[in-house]
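Please consult the sequence and structure shown below alongside the text.

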Amino acid sequence: VERILSHTACADLSVIPVIDSTNQYLLDRVGQLPSGAVCVAEYQQAGRGRRGRQWLSPFGSNLYLSMYWRLEAGMAAAMGLSLVVGVAIAEALQSLGADGIRVKWPNDLYYQDKKLAGILVEMTGQAGDAAHLVIGMGLNIAMPEQEGESIEQGWTNLTQACDTLPGRNQLAATLIAKLAQTLTDYEEKGLDGFIERWNRLDNFLNRPVKLLMGPRVVEGIARGINNQGALLLETEEGLVPYIGGEISLRGC
Ligand code: BTN
């Protein structure tokens with residue numbers, strides 16, 4: 001791997017065939033990277049998902065991509081960021097001919113009620129300083145059935161959503177450009193400019209849902225997000241906002 005790295009790694013784009021985790025690769029290099037630096041891999045030996053789960057990362061069939069972003073406004077401004085990233089991915093895929101891509105709060109991409117991609121935002125930084133974010137996405141493109149057998153929830157592939165599947169280079173390039181533009185917009189304008197876009201893409205808008213919070217389960221009708229990025233759930237007590245604690249924080 002070291003030999004491959006010396007050929008393929010540069011400051012802002014690292015294409016690495018085999019890696020532990022593209023998120024970890026960027027987190028390990030936070031001080032040396034410009035905003036927008038990307039790591040893409042063919043295979044992750046220790047791909048990770050939210051809540052400490054494993055992210056199944058078979059060779060060659062999916063996209064594993066992470067981007068570093070230095071958020072000058074600090075950690076508090078990172079709230080809602082994964083929602084914005086979901087919008088960016090859905091719109092990027094749409095621009096490549098994939099119809100019917102949806103977002104699921106707080107940070108999954110769905111197609112026909114099944115998971116197509118997941119987003120993991122990890123962050124380091126000190127209170128009062130710029131936040132160092134690593135935004136990772138795992139996109140199922142053509143995951144073989146037998147590889148995905150162990151995945152608990154329903155999942156699907158981009159092949160299902162496209163008449164003509166874009167090449168992986170084109171896919172990566174489009175996602176990278178859209179993500180960088182979206183993060184720049186988010187830094188300038190915050191979440192406000194994205195709420196309507198997110199709600200329009202919401203897979204569960206106006207549908208009954210359950211929120212699982214450890215042993216607690218709350219049921220209601222999903223009514224989109226508010227300007228804090230909280231999910232609005234209509235319950236017997238009225239419209240209740242729920243904030244998702246999805247961003248992991250690490251000390252420098
Ligand atoms: C989830 O839905 O649980 C989030 C999954 C995020 C997976 C991606 S794959 C690229 C990047 N590297 C990782 O180790 N994880 C993210």
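Arg50 lies in the loop that joins E2 and E3; helices (H or I, at least four residues) and strands (E, at least two) are DSSP runs, numbered from the N terminus. The structure is a predicted model, in which local features need pLDDT of at least 70 and side-chain atom pairs count only at pLDDT 80 or more, while totals for chains, interfaces and linings use all residues. Residue numbers start from 1 along each chain as its sequence is written.

**The loop between E2 and E3**

- Arg50 has 19 other C-beta atoms within 10 Å and is therefore partly exposed; a residue is buried with 20 or more other C-beta atoms within 10 Å of its own, exposed with 12 or fewer, and partly exposed in between, the C-beta atoms being placed from the backbone.
- Gly49 is also placed in the loop between strand E2 (38-44) and E3.
- Gly49 counts as partly exposed because it has 14 C-beta neighbours inside 10 Å.
- Apart from neighbours within four places in sequence, Gly49 contacts Gln54, Trp55, Gly118 and Leu120, a contact meaning that two C-beta atoms, placed from the backbone, lie within 7 Å.

**The ligand shell**

- The ligand is surrounded by 20 residues, of which Ser21, Gly49, Gly118, Gly136 and Gly138 are the closest; a residue is near a molecule if its C-beta atom, placed from the backbone, lies within 6 Å of it.
- At least two residues of this shell come from each of helix H2 (22-27), strand E3 (63-71), E6 and strand E7 (131-139).
- The shell comprises 6 nonpolar, 10 polar and 4 charged residues, where Ala, Val, Leu, Ile, Met, Phe, Trp, Tyr, Cys and Pro count as nonpolar, Asp, Glu, Lys and Arg as charged, and the others, Gly among them, as polar.
- An unreviewed UniProt entry lists Ser21, Thr22, Asn23, Gln44, Arg48, Gly49, Arg50 and Lys115 under "binding site"; such annotations may be inferred rather than shown by experiment.

**Glu122 in strand E6**

- Strand E6 (residues 114-124) contains Glu122.
- Glu122 counts as buried because 21 C-beta neighbours lie inside 10 Å.
- Between Glu122 and Asp108, 14 residues apart along the chain, the C-alpha separation is 15 Å.

**Helix H3**

- Helix H3 (residues 81-95) has 15 residues, which at 1.5 Å a residue should span 21 Å, and its end C-alpha atoms are 21 Å apart, in agreement; the expected span is 1.5 Å times one less than the number of residues.
- Because 12 of the 15 residues of H3 are buried, the helix is largely enclosed by the rest of the structure.
- Among the buried residues of H3 are Leu81, Val84, Gly86, Ile89 and Leu93.
- Gly97, which follows H3, has a positive phi near 100 degrees.
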